[in-house]
Amino acid sequence: MIDYQSKAEVRVLPDGAAIANRCAQKFVEIAAAAVREKGSFDVALAGGSTPKLLYGLLVDDPALRSLVLWDKMHVFFGDERHVKPDHPDSNFRMATEAMISKSPLKPEQVTRIKGEYPVAEDAAKEYDQYLRTHYKLAEGQFPRFDLVLLGMGSEGHTPSLFPGTKALRETRRIAVHNWVGKVLMDRITLTAPAVNNAANVIFMVTGADKAPALTAVLERFYEPDQLPAQLIQPTNGSLLWLVDTAAGNLLTRAIRE
């Protein structure tokens with residue numbers, strides 16, 4: 001059995017809106033602390049419906065918007081589909097429509113993954129190299145994001161680390177392409193070691209269809225090849241799971257609010 005109790009904080013909230021609200025509070029707190037410490041705030045965004053609620057809150061809620069240190073922020077992405085940036089499945093498009101286009105962020109503060117490249121590996125290599133250059137990293141080192149936002153699929157994948165795929169075994173690269181047979185599509189994704197070097201990682205999980213996998217990830221045997229979300233265990237950072245009542249209804253050791 002695995003014991004996430006010592007490694008992660010797991011909180012069950014009523015619904016996706018409550019998760020978005022709590023995550024927005026954490027977002028503001030983490031950003032403020034990062035700016036105080038080093039003058040900047042680096043965040044890797046996730047795709048999905050609950051993160052979309054979060055992004056909307058940050059720009060549409062006047063109180064929250066005024067607290068976000070927009071001029072100190074640099075936005076990255078945890079993963080991207082092998083599609084053009086204006087495609088309906090693009091994580092960049094979703095984040096742009098929900099938050100980026102409505103915010104004071106300047107183009108140079110947003111680094112997207114070029115999912116439109118014909119060869120997904122070219123997009124992965126470019127993203128990997130950009131992060132290596134931006135953070136002045138040597139080979140084998142990983143960026144220190146202040147915050148990585150994640151979702152989880154009903155089979156336990158995160159961000160585009162799917163069960164049984166080759167990206168699960170990557171230990172040196174920051175980003176790779178990952179062919180996912182289940183959806184017959186290439187993805188470009190941060191690797192688990194890259195996520196695990198973050199200062200803060202927050203999962204947002206909603207829906208009854210996630211309950212079996214979530215319980216297996218948090219409270220059953222360690223089988224990351226089947227449940228890739230288990231790979232996410234920050235080496236020197238905090239790990240917070242925000243899950244709704246439906247997703248968390250089988251958990252036995254979570255904090256229920």
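Leu184 sits in the loop that links strand E6 (175-180) to strand E7 (185-190). In this predicted model, Leu184 is a friendly place to begin a tour, as its backbone has a positive phi of about 50° even though the residue is not a glycine. With a relative accessible area of 66%, Leu184 is exposed, because the cut-off for that class is over 50%.

Lys136 also deserves a look: this residue is not a glycine, yet its phi is positive, at about 55°. Lys136 lies in the loop between helix H5 (120-134) and E5, and its relative accessibility of 74% makes it exposed. Why point out such values? Most residues other than glycine have a negative phi.

Now to the helices, starting with H2.

Which residues of H2 are buried? They are Thr50, Pro51, Leu54, Tyr55, Gly56, Leu57, Leu58 and Val59. Their packing partners are H1, strand E2 (41-45), helix H3 (62-67), helix H4 (91-98), strand E5 (147-150) and strand E8 (200-205).

| Helix pair | Crossing angle | Axis separation | Handedness |
|---|---|---|---|
| H1 (residues 16-38) and H2 (residues 49-60) | roughly 55° | within 8 Å | right-handed |
| H2 and H4 | about 30° | 8 Å | right-handed |

Take the pair H1 and H2, whose axes cross at roughly 55°. That angle makes H1 oblique to H2. On the H1 side, the contact is made by Gly16, Ala17, Ile19, Ala20, Asn21, Cys23, Ala24 and Phe27, which meet Thr50, Leu53, Leu54, Leu57 and Leu58 of H2. Sorted by class, this contact comprises 10 nonpolar and 3 polar residues, with no charged ones.

For H2 and H4, the packing angle is about 30°. Since angles under 35 degrees count as roughly parallel, H2 is placed in that class relative to H4. Here Lys52, Tyr55, Gly56 and Val59 from H2 touch Met94, Ala95 and Ala98 from H4. The class breakdown for the contact of H2 with H4 is 5 nonpolar, 1 polar and 1 charged.

### Helix H4

How many of the residues of H4 are buried? The count is 6 of 8, leaving H4 mostly covered. Those buried residues are Asn91, Phe92, Met94, Ala95, Thr96 and Ala98. Besides H2, they pack against E2, strand E3 (73-77) and strand E4 (79-81).

### Glu80 in strand E4

Strand E4 brings us to Glu80, which belongs to that strand. Is Glu80 buried or exposed? Its relative accessibility is 2%, so Glu80 counts as buried.

Setting aside neighbours within four places in sequence, Glu80 has contacts with Asp89, Ser90, Asn91, Phe92, Ile113, Gly115, Arg187 and Ile188. As for distance along the chain, Asp60 is 20 residues away from Glu80, and their C-alpha atoms are separated by 25 Å.

How values were computed. Residues numbered from 1 in each chain as written. Predicted model: local features only at pLDDT ≥ 70, side-chain atom pairs only at ≥ 80, totals over all residues. Heavy atoms only, no water. Axes fitted to C-alpha atoms, helices over the stretch in contact; angles between N-to-C directions. Helix = DSSP H or I, 4+ residues; strand = E, 2+ residues; numbered from the N terminus. Parallel < 35°, antiparallel > 145°, perpendicular 65-115°, else oblique. Left-handed = near helix turned anticlockwise from the far one by under 90°. Contact = heavy atoms within 4.5 Å. Nonpolar A, V, L, I, M, F, W, Y, C, P; charged D, E, K, R; others polar. Buried < 20%, exposed > 50% of the residue type's maximum accessible area, 1.4 Å probe, protein only.
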